[in-house]
Amino acid sequence: MKAVIQRVKCSKVDIDEKTVGEINQGFMILLGVVEGDTKEDADKLLKKVPFLRVFEDENGKMNLSCLDVDGEALVISQFTLAADCSHGRRPSFTNAAAPSEAIPLYEYFIEGMKKAGIKKVETGEFGADMQVHLINDGPVTIILDSQEL
């Protein structure tokens, strides 16, 4: 399972020109489920993401977590994170989990963020054509892969 976490001042996701998820300060998370991922992969990410100390304290140092700043989270499904670009110029997405495997893990991750204490967790729509808007704060972008944790 792969996650791209961006510290944002705000973020929203639109489908057919209608906003379906919107947050203020916190994390906009692109979440990709790879074939063979399990709840254990999601748990590895959940042990890190809400607790990443990338928000500034009173001294301007990145010492605070999303929980510490009462941050929010926007979680967007992103199968293209499983892209294989090792051959040619056209990415292959055969490593992405099938929806029947990916949707339950995506939903499990969302519930895990809530259980960790993130008070507002918004989402897009799995498989939809989405337009994601954000104001990246910093910018701060962290890439996590459950296979490397």
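On helix α2, the exposed residues S100 and K115 sit on the face turned away from the helix's buried side. The model is predicted.

**Helix α2: length and end**
- Helix α2 runs over residues 99-116.
- Its 18 residues should span 26 Å at 1.5 Å a residue, and the end C-alpha atoms are 25 Å apart, which agrees.
- Just after α2 comes G117, with a positive phi of about 115 degrees.

**Helix α2: buried side**
- The buried residues are A102, L105, Y106, F109, I110, G112 and M113.
- They cover an arc of only 160 degrees around the axis, so they lie on the same side of α2.
- An α-helix has 3.6 residues a turn, so residues three or four places apart point the same way.
- The buried residues of α2 pack against β3, α1 (39-46), β6 (72-77) and β7 (121-123).

**Strand β1: burial**
- Strand β1 spans residues 2-15 and is mostly covered.
- Ten of its 14 residues are buried.

**Strand β1: pairing**
- β1 pairs with β8 (residues 131-145) in the antiparallel sense, over eleven bridges. There, V13 has V132 as its bridge partner.
- β1 also pairs with β3 (residues 26-32), again antiparallel, over seven bridges. I5 stands opposite I29 of β3.
- Five bridges join β1 to β2 (residues 18-23), and the two run antiparallel. D14 has T19 in β2 as its bridge partner.

**The β1-β2 turn**
- β1 and β2 form a hairpin, with two residues between them.
- D16, in the turn, has a positive phi of about 50 degrees.

Methods
Residues numbered from 1 in each chain as written. Predicted model: local features only at pLDDT ≥ 70, side-chain atom pairs only at ≥ 80, totals over all residues. Heavy atoms only, no water. Buried < 20%, exposed > 50% of the residue type's maximum accessible area, 1.4 Å probe, protein only. Helix = DSSP H or I, 4+ residues; strand = E, 2+ residues; numbered from the N terminus. Pairing = 2+ DSSP bridges. Expected span 1.5 Å × (residues − 1). Arc of directions from axis to C-beta. Contact = heavy atoms within 4.5 Å.
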